[in-house]
Structure formats: C-alpha cells, structure tokens
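Take a look at the model below. We will walk through it step by step.

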Amino acid sequence: MSSTRNDLRLGMPDSLAPLEIEAKVEEVGVGKVGMAFSKVFVLAILAGAFIAFGGMYFCIFLGDPSIPFAVQRMVGGICFCLGLVLVLCCGAELFTGNSLIICAKASGKVSWGGMLKNWAIVWLGNLVGALAAVALVYLAQVWSMNGGAVGEAMVSVAAGKVSPDWATLFFKGVMCNIFVCLAVWIGFSARTVVDKVIGIILPISAFVAAGFEHCVANMFFLPMGCLLNSMGVGAAGAVPFEGILYNLSAATLGNIVGGLLVGLAYWFVFAKRAAGN
C-alpha cells in the first residue's frame with residue numbers, strides 16, 4: 001500500500017512501463033528455472049487444472065445451442081478467462097506463459113538446458129492437472145447438464161480440434177500464444193488483482209473466439225471429448241484417441257513459436273535498449 005502511495009507521489013503510472021515489464025519477465029524467468037522440481041511440478045498440475053476449469057466453464061455456456069454464434073464466441077471466451085485469471089492471480093506454472101523465459105535466456109541469465117527442462121516439467125505437470133480435472137468434471141457429471149447438451153458441446157469442441165490439417169493447427173497455435181503471452185505481459189504490468197483480471201479479458205477472449213489452439217486447454221478438451229464420445233455422446237468416432245496426439249503435437253509447437261515471437265520482440269526492443277545497444 002505504501003509503495004503504491006509513493007509511486008503516486010512521484011508521479012509514476014499505476015502500471016509498470018514496458019521497459020520495466022521486460023526486466024520483470026527476466027527476473028521471474030530466472031526464478032522459475034531455479035525453482036525445485038517438486039514445486040514446479042505441483043504448480044504445473046494446478047495450472048493444468050485451472051485452465052481445464054476455464055474450459056469447463058466455456059463448454060457449460062456452449063451447452064445452450066440456442067445462443068447465437070457471435071454471442072457464444074464472445075461470452076464463451078470471457079468464461080474461459082477464468083483459467084488464466086486463476087493462474088496469474090493464485091500462482092501456477094503454465095507451459096504457454098513460460099515460453100517467455102526466452103527473455104532471460106536471451107540475456108544470458110538462464111541456460112538452454114534450464115529453460116527446456118522447465119518447459120518439459122511444466123508441460124507434463126499441466127497434462128496431469130488437466131487429466132485430473134477431466135476425471136473430476138466427469139465424476140461430477142457436469143457433462144449431463146441441460147439434458148446432456150453440455151456433453152454434446154464438449155464433444156463438438158473436441159471434434160473441431162482434430163479435423164483441421166496439421167499446418168492449420170500449428171498456425172492456430174502460433175496465434176493463440178501470441179495472444180496468451182500478451183495477456184501474461186499485461187499481467188506482469190499490473191499492480192492489483194483488478195488490473196490483472198481486466199487486462200486478461202480481451203486478449204484471452206479474442207483467441208478463444210477465433211478458435212485458436214492452446215495446448216494446455218486441449219489437454220482438457222480432447223480427453224474429455226474422447227471419453228464422452230466413447231460413451232456414445234456425439235457422432236461415432238468424432239474424437240479418436242489418436243486425434244489427441246495429432247492436435248497436441250501441432251498446438252504445442254505452434255504455442256512455442258508464438259511465445260518466442262512475443263518474448264524475443266520485447267527483449268530486442270527493451271533489454272538491448274537498457275544495455276545501451
């Protein structure tokens with residue numbers, strides 16, 4: 001509280017300036033790479049579950065087929081924001097956001113091995129958390145809501161993620177993580193919870209509305225859809241098991257590229273400027 005008052009007395013803005021955000025991203029990246037395996041893994045499990053809860057909320061809204069398409073995409077996207085709000089405000093390790101560790105790597109503060117190890121641990125932890133959420137959502141029979149329409153929506157969402165060609169999924173993944181990392185970047189600039197929540201809404205709801213591919217969200221959508229489809233929900237064979245691996249391979253690589261584009265662009269502008277280059 002006193003820090004905020006001091007900032008206002010000095011005429012500083014409430015949010016961090018872009019130069020300060022980049023420095024904070026590097027500092028946070030160093031901390032992430034240096035964290036103990038057990039803590040990173042547990043926080044990654046939490047993030048996978050949090051994003052899955054956002055996906056669940058999205059599907060519940062889509063469970064009313066009478067809602068017009070544009071309203072479905074916009075409001076459904078806002079519902080999905082729950083996941084990243086929980087990640088940023090409660091603290092968790094999300095694979096897509098952790099692509100910004102590249103800023104610390106570009107400044108020589110972490111090694112390639114340290115960064116890649118973090119990504120591998122977090123990806124696996126996110127998967128465990130998402131699958132745990134699938135089990136909880138299934139056992140709680142969320143899918144049976146509105147006479148089973150929510151389950152139909154879950155299968156429909158998953159089916160739509162295994163039908164495009166691999167290159168399309170890859171570029172949807174690139175676009176997705178550009179938006180996600182910009183949302184995380186806004187979150188780093190924030191000084192209050194309200195700042196973070198409001199800053200997240202537009203970029204995250206935009207990527208959801210556009211149908212882009214988020215590998216961690218898909219760790220929930222695809223197994224959930226596959227499970228329900230195997231029980232007879234939706235058209236037979238709409239979500240084959242191999243479709244999960246097909247989508248995740250494209251979405252994960254695309255998400256990495258999208259995150260690197262955001263991180264390296266801001267590192268080039270602000271870190272090199274700070275160093276006088």
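Begin with N98, which sits in the loop between α5 (82–90) and α6 (102–106). Helices here are DSSP runs of H or I with at least four residues, numbered from the N terminus, while strands are runs of E with at least two. What does N98 touch, apart from its neighbours within four places in sequence? N98 is in contact with K32, E93, N118, W119 and V122. Contact means heavy atoms within 4.5 Å. N98 has a relative accessible area of 3%, so it counts as buried. Buried means under 20% relative accessible area, exposed means over 50%, and partly exposed lies in between, with a 1.4 Å probe and protein chains only.

A word on the source: this is a predicted model, in which local features need pLDDT of at least 70, side-chain atom pairs count only at pLDDT 80 or more, and totals for chains, interfaces and linings use all residues. Residues are numbered from 1 along each chain as its sequence is written, and side-chain values use heavy atoms, with hydrogens and water left out.

Now move to helix α7 (residues 112–139), where I121 is found. I121 is buried too, with a relative accessible area of 12%. Leaving aside neighbours within four places in sequence, I121 is in contact with F37, V40, F41 and A44.

Follow the chain past α7. The loop between α7 and α8 holds Q141, and N146 lies in that loop as well. Q141 has a positive phi of about 55° although it is not a glycine. N146 also has a positive phi of about 55°, and it is not a glycine either. Are they buried or exposed? Q141 counts as partly exposed because its relative accessibility is 45%. N146 counts as exposed, at 52%.

Next comes a pair of helices. Helix α8 (residues 149–162) packs with helix α11 (residues 215–230) at an angle of about 115°, and their axes are 8 Å apart. Axes are lines fitted to C-alpha atoms, for helices over the stretch in contact, and angles run from 0 to 180 degrees between N-to-C directions. From α8, the contact uses G151, M154, V155, V157, A158, K161 and V162. From α11 come N218, F220, F221, L222, M224, G225, L228 and N229. By class, the contact has ten nonpolar, four polar and one charged residues. Ala, Val, Leu, Ile, Met, Phe, Trp, Tyr, Cys and Pro count as nonpolar, Asp, Glu, Lys and Arg as charged, and the others, Gly among them, as polar.

On a 1 Å grid over the protein atoms alone, a cavity is a set of points where a 1.4 Å probe fits but cannot get out. A pocket is an open set with protein on both sides within 12 Å along at least five of seven lines, and lining residues have an atom within 4 Å of a point. Grid points are joined across faces, edges and corners, and a volume is the space filled by probe spheres set on the points.

The structure holds one cavity of 30 Å³ or more. The largest cavity has about 40 Å³ of space. Its lining includes I51, F80, G83 and L84. By class, that lining has seven nonpolar, two polar and no charged residues.

The largest pocket has a volume of about 410 Å³. It is lined by 25 residues, and F58, L62, R73, S156 and V157 lie nearest its centre. The largest share of this lining, six residues, comes from α8. The second largest pocket holds about 320 Å³. Of its 21 lining residues, V28, K32, L88, V184 and F188 are the closest to its centre. Here the largest share, five residues, comes from α2.
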